[in-house]
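User: I have a structure open and want to go through some of its local geometry. Can you walk me through it?

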Amino acid sequence: MKPLETIEVLQTTFFSQRMPAPIRLRELIRTIRTARTQAEEREMIQKECAAIRSSFREEDNTYRCRNVAKLLYMHMLGYPAHFGQLECLKLIASQKFTDKRIGYLGAMLLLDERQDVHLLMTNCIKNDLNHSTQYVQGLALCTLGCMGSSEMCRDLAGEVEKLLKTSNSYLRKKAALCAVHVIRKVPELMEMFLPATKNLLNEKNHGVLHTSVVLLTEMCERSPDMLAHFRKLVPQLVRILKNLIMSGYSPEHDVSGISDPFLQVRILRLLRILGRNDDDSSEAMNDILAQVATNTETSKNVGNAILYETVLTIMDIKSESGLRVLAINILGRFLLNNDKNIRYVALTSLLKTVQTDHNAVQRHRSTIVDCLKDLDVSIKRRAMELSFALVNGNNVRGMMKELLYFLDSCEPEFKADCASGIFLAAEKYAPSKRWHIDTIMRVLTTAGSYVRDDAVPNLIQLITNSVEMHAYTVQRLYKAILGDYSQQPLVQVASWCIGEYGDLLVSGQCEEEEPIQVTEDEVLDILESILISNMSASVTRGYALTAIMKLSTRFTCTVNRIKKVVSIYGSSIDVELQQRAVEYNALFKKYDHMRPALLERMPVMEKVTTNGPAEIVQTNGETETSVLETKPPPSGLQPANQANDLLDLLGESDITPVIPTAPTIKPASAGGELLDLLGDLNLTGSPVSAPAPQIAQPPFLLDGLTSQPLFNDIAAGIPSITAYNKNGLKIDFTFERSNTNPSVTVITIQASNSTELDMTDFVFQAAVPKTFQLQLLSPSSSVIPAFNSGTITQVIKVLNPQKSCTWSLVLKASMPRSPFGFAGKEHWYRKLDGKEEENGLSPGQFVAAVMGTVYVVPLVMLVFCPLEQLGFVVCLW
Amino acid sequence: MSVLLPIWFFSERDLFETQRLRLMLFFFPLLSIQQMQFMLLFSRQGKLRLQKWYVPLSDKEKKKITRELVQTVLARKPKMCSFLEWRDLKIVYKRYASLYFCCAIEDQDNELITLEIIHRYVELLDKYFGSVCELDIIFNFEKAYFILDEFLLGGEVQETSKKNVLKAIEQADLLQEEAETPRSVLEEIGLT
């Protein structure tokens with residue numbers, strides 16, 4: 001017994017070592033499914049993978065197919081399977097059908113045109129395309145049509161074309177779709193298939209017919225010549241479609257009572273492309289479209305799918321007006337359908353047609369508005385967009401009511417879009433100023449935290465400009481923020497208005513509404529509690545403090561209280577707030593005689609429309625202290641889109657745009673802060689740039705001018721500035737007006753280097769808003785020699801078609817192996833160690849932003865400032 | 001002449017927008033003209049059961065898209081419509097028992113007919129396996145792929161007749177068995 005057993009054991013081990021029969025695919029799947037944890041599963045798979053790898057290494061042909069199949073399963077579970085790629089190729093080359101089938105499947109799953117390995121398949125596919133068995137040919141066609149790269153398509157297009165001409169419909173349909181793929185990959189091969197398309201539509205087999213239509217569609221969409229060529233097929237397509245809808249029941253292609261909907265939809269789509277912009281073709285298909293639109297059974301999804309495609313075709317071609325109304329009415333019917341999917345497509349397609357057939361869509365307005373209450377977010381979104389498209393002067397009140405209600409109840413994801421939609425529509429169609437102000441205020445109260453940053457300045461501007469509404473507005477706003485400071489934008493607008501029109505509020509002379517009785521102290525209480533509230537953002541506090549300051553000239557008996565508040569915040573830990581308070585304190589102490597003039601009511605702001613109604617450049621309102629006296633045109637608050645442009649440039653580089661997180665920097669009021677800071681600098685007498693005093697200026701503005709040159713005439717040019725001077729790098733800007741075209745500014749930059757090392761790879765980049773044109777001439781060199789022994793010069797030309805508007809410029813310079821900047825500092829030290837070369841550090845870069853306003857008004861102020869360690873900002877006023 | 005002026009006028013929202021833009025550019029290959037970009041089958045537990053990509057994407061991108069879509073689709077309530085806009089694509093999905101069938105199509109494609117395509121595929125599976133269930137697709141995933149490849153090619157429908165698709169599959173299966181039979185017997189006796 002014993003020896004026998006030993007022999008058996010030996011045999012088993014012998015066999016398992018030489019030929020380890022791998023477990024079957026289903027066995028493996030079963031085992032893996034028993035795994036209770038992720039770790040257990042991973043362990044099993046790793047073990048199996050190891051077995052498969054060793055089997056691959058042994059070039060085991062018997063089990064290769066099984067192993068690859070198992071690998072595909074593991075691949076689906078998310079495990080790496082790339083080591084099976086070459087095995088797939090071996091399987092494809094095998095003579096056995098099973099091997100080929102799995103091999104091609106594996107190739108489609110594991111390979112794609114990104115790996116060069118796939119090219120090794122080309123020859124195998126070529127052989128298989130000429131194989132005697134149609135199923136092998138089919139596999140090859142399928143693989144080529146699924147993953148063929150352009151190289152592969154070029155090599156095999158001839159074979160595909162040959163198969164497209166065979167009589168075998170099984171191969172012909174696959175070849176047609178393969179041809180589609182070839183054309184997508186290599187459009188210039190299209191003509192090759194033109195002869196083969198001749199008889200395609202005479203085919204009886206629906207598979208071939210369907211794929212032929214797909215092929216024709218592809219060719220027509222790709223080339224106008226093909227489109228013109230195939231227009232003659234319209235009658236034939238119409239006939240096929242007619243046969244489909246008229247023929248009786250055919251079990252093979254029937255889908256719930258409709259004959260081959262897939263083919264119908266495809267033909268309708270091809271008709272759409274052929275009829276687009278062509279009167280004759282459109283004319284030829286009018287009848288059949290009407291027939292499809294009226295005869296299609298709509299109780300099931302298939303019928304609606306065909307109707308939907310028909311509607312799209314009718315809307316796209318030059319169809320008769322009656323047909324278009326029919327189409328819109330079909331969509332209107334869709335809106336009432338119980339099926340959500342159908343309601344959704346109805347809204348989507350109405351949205352597409354609302355521009356061309358506005359009145360027809362308008363008729364379904366109430367149904368559309370009802371869809372705002374749908375439970376499905378996709379439908380809601382569509383309905384919202386469509387509702388906004390339908391707002392006009394006649395229905396604005398009613399529609400806005402619905403939309404405001406929607407804004408109130410909708411999910412947070414909709415609020416931002418909905419709010420900006422309401423702003424736009426209100427701006428366009430407001431029946432009265434009061435309604436407009438009410439609407440915006442309503443949005444701020446319900447969705448205040450979701451509105452875009454420009455909503456606050458826009459509303460403030462609107463309020464300032466409607467002079468007769470001031471008392472009413474300030475009263476409404478006062479009531480709106482009583483006890484609720486959660487909606488920051490609302491609180492900001494309210495603070496601004498209370499500061500500006502506090503006297504109207506206290507005097508209680510509101511005509512539109514019953515006036516409320518408020519005392520000066522109550523108003524100050526509110527503003528102070530905004531300052532204290534921990535819900536207030538730093539920007540909001542700034543608004544409140546300025547409002548309190550303004551009230552010092554509007555209120556009579558509370559000036560001492562105001563002085564006290566202002567002096568308290570002179571030691572605030574919030575730098576921004578402290579700065580404001582210090583400024584205001586100075587105003588109380590040193591320049592008290594100026595105070596009433598400085599804090600005078602804001603003038604009505606001019607509206608500067610740049611691109612659209614939404615982009616209004618205007619003062620922030622927080623900025624008036626020093627500048628407004630002398631500067632009537634709107635100051636340079638950067639519109640959001642310009643900031644985006646600038647960001648784009650930064651985004652393209654390999655540095656991450658660093659946003660300083662200092663609490664004082666709030667993009668919402670960047671312009672305002674900028675001016676505030678100017679004001680501050682003037683007041684405190686720090687080294688400051690020069691505002692040109694052509695117009696009588698408050699004396700304190702001149703405090704900082706001592707050593708500065710005055711720039712009296714902007715027409716003479718903008719004086720040159722030193723844009724950067726740090727860590728040995730010095731960049732000077734020289735400005736010049738072009739003689740031939742005064743709207744062209746020529747900026748010459750000169751960079752020099754005072755360190756003992758050369759700066760290499762110096763690149764200077766600039767970006768301007770889209771309305772400008774920028775020309776960067778090539779620099780004199782990319783290396784700045786050390787010890788100031790030479791300079792680089794580069795010329796930038798900026799064309800500003802609208803002369804007196806804000807312009808901004810971002811300049812970027814990158815210098816690997818240069819000792820400065822944010823990343824550069826560390827760099828510099830390493831350089832001293834001599835390790836820099838091996839480390840291969842990322843290029844040190846610095847970002848320079850130049851932003852400025854050039855006015856034709858002879859008021860110039862040049863400010864240049866280092867921006868933390870990142871770069872600098874230059875402002876031209 | 002120089003004045004400290006710490007201005008940085010990019011809000012976080014702007015930054016987010018740019019990132020989204022960059023993401024979209026990243027997925028640029030998805031924007032080619034093609035009817036169906038990919039098809040995914042996954043279970044209610046979020047396990048992938050079948051994936052067919054008609055656009056070339058790296059494994060990493062595929063995984064990312066799959067993860068994102070599975071999450072989004074599973075989070076939707078049953079009463080919601082079968083379509084959702086995702087990046088620049090439209091996602092059409094439908095649930096059959098425990099399985100979700102999910103297709104990505106292009107903007108101008110017909111969502112309703114895509115639902116029919118999904119339904120046709122389910123019918124084909126059902127006919128082939130005989131009242132198909134998720135387990136059939138798990139254990140015979142390769143067959144599910146074969147059926148899909150006989151029905152769709154390069155993201156387009158290649159055969160509108162159910163009968164023809166099934167006939168082709170059956171005959172290919174037969175061909176496979178013919179080649180297989182002698183070795184299977186051998187396997188059964190000796191090696192397995």
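**Backbone, helices and strands**

Analyst: Ser256(A) sits in the loop between strand 1 (254-255) and strand 2 (258-259) of chain A. Helices (H or I, at least four residues) and strands (E, at least two) are DSSP runs, numbered from the N terminus.

User: Before we go on, what kind of model is this, and how are things numbered?

Analyst: This is a predicted model, in which local features need pLDDT of at least 70 and side-chain atom pairs count only at pLDDT 80 or more, while totals for chains, interfaces and linings use all residues. Residues are numbered from 1 along each chain as its sequence is written, chains are lettered from A and ligands numbered from 1 in the order in which they are written, and side-chain values use heavy atoms, with hydrogens and water left out.

User: Fine. What about the phi of Ser256(A)?

Analyst: The phi of Ser256(A) is positive, about 35°, although the residue is not a glycine. Most residues other than glycine have a negative phi.

User: Switching to chain A as a whole. How many helices and strands?

Analyst: Chain A has 37 helices and 14 strands. Of its 877 residues, 58% are buried.

User: What about the contacts in chain A?

Analyst: Among contacts between residues at least 6 apart in sequence, 68% join residues at least 24 apart. Contact means heavy atoms within 4.5 Å.

User: Now helix 27 of chain A. How far does it reach?

Analyst: Helix 27 covers residues 488-507 of chain A, 20 residues in total, and runs 27 Å from its first C-alpha to its last, close to the 28 Å expected at 1.5 Å a residue. The expected span is 1.5 Å times one less than the number of residues.

User: Where does helix 27 of chain A bend?

Analyst: At Tyr501(A), by about 80°. The bend at a residue is the angle between axes fitted to the seven residues ending there and the seven starting there.

User: What follows helix 27 of chain A?

Analyst: Gly508(A), with a positive phi near 60°. As for cover, 17 of the 20 residues of helix 27 of chain A are buried, so the helix is largely enclosed by the rest of the structure.

User: And helix 28 of chain A, which residues are buried there?

Analyst: Glu520(A), Val523(A), Leu524(A), Ile526(A), Leu527(A), Ile530(A) and Leu531(A). Seen down the axis of helix 28 of chain A, the buried residues fall within an arc of 155°, so they line one face of the helix. The arc is that of the directions from the helix axis to the C-beta atoms.

User: What covers them?

Analyst: The cover for the buried residues of helix 28 of chain A includes helix 26 (470-481), helix 27, helix 29 (538-554), helix 30 (559-568) and helix 31 (575-589) of chain A.

User: On to strands. What does strand 7 of chain A pair with?

Analyst: Strand 7 of chain A pairs in the antiparallel sense with strand 6 (residues 729-737) of chain A over nine bridges. Strand 7 also pairs in the antiparallel sense with strand 10 (residues 791-799) of chain A, over nine bridges. Two strands pair if DSSP finds at least two bridges between them. Ser752(A) in strand 7 is the bridge partner of Lys730(A), and Gln794(A) in strand 10 is the bridge partner of Ile749(A).

User: Is strand 7 of chain A enclosed or open?

Analyst: Nine of the ten residues of strand 7 (residues 744-753) of chain A are buried, so the strand is largely enclosed by the rest of the structure.

User: Last one, Lys173(A). What is it in contact with?

Analyst: Leaving aside neighbours within four places in sequence, Lys173(A) is in contact with Gly207(A), Val208(A), Thr211(A), Gln158(B) and Glu159(B). Lys173(A) lies in helix 10 (residues 169-185) of chain A and counts as buried, at 3% relative accessibility.

Notes:
Buried < 20%, exposed > 50% of the residue type's maximum accessible area, 1.4 Å probe, protein only.
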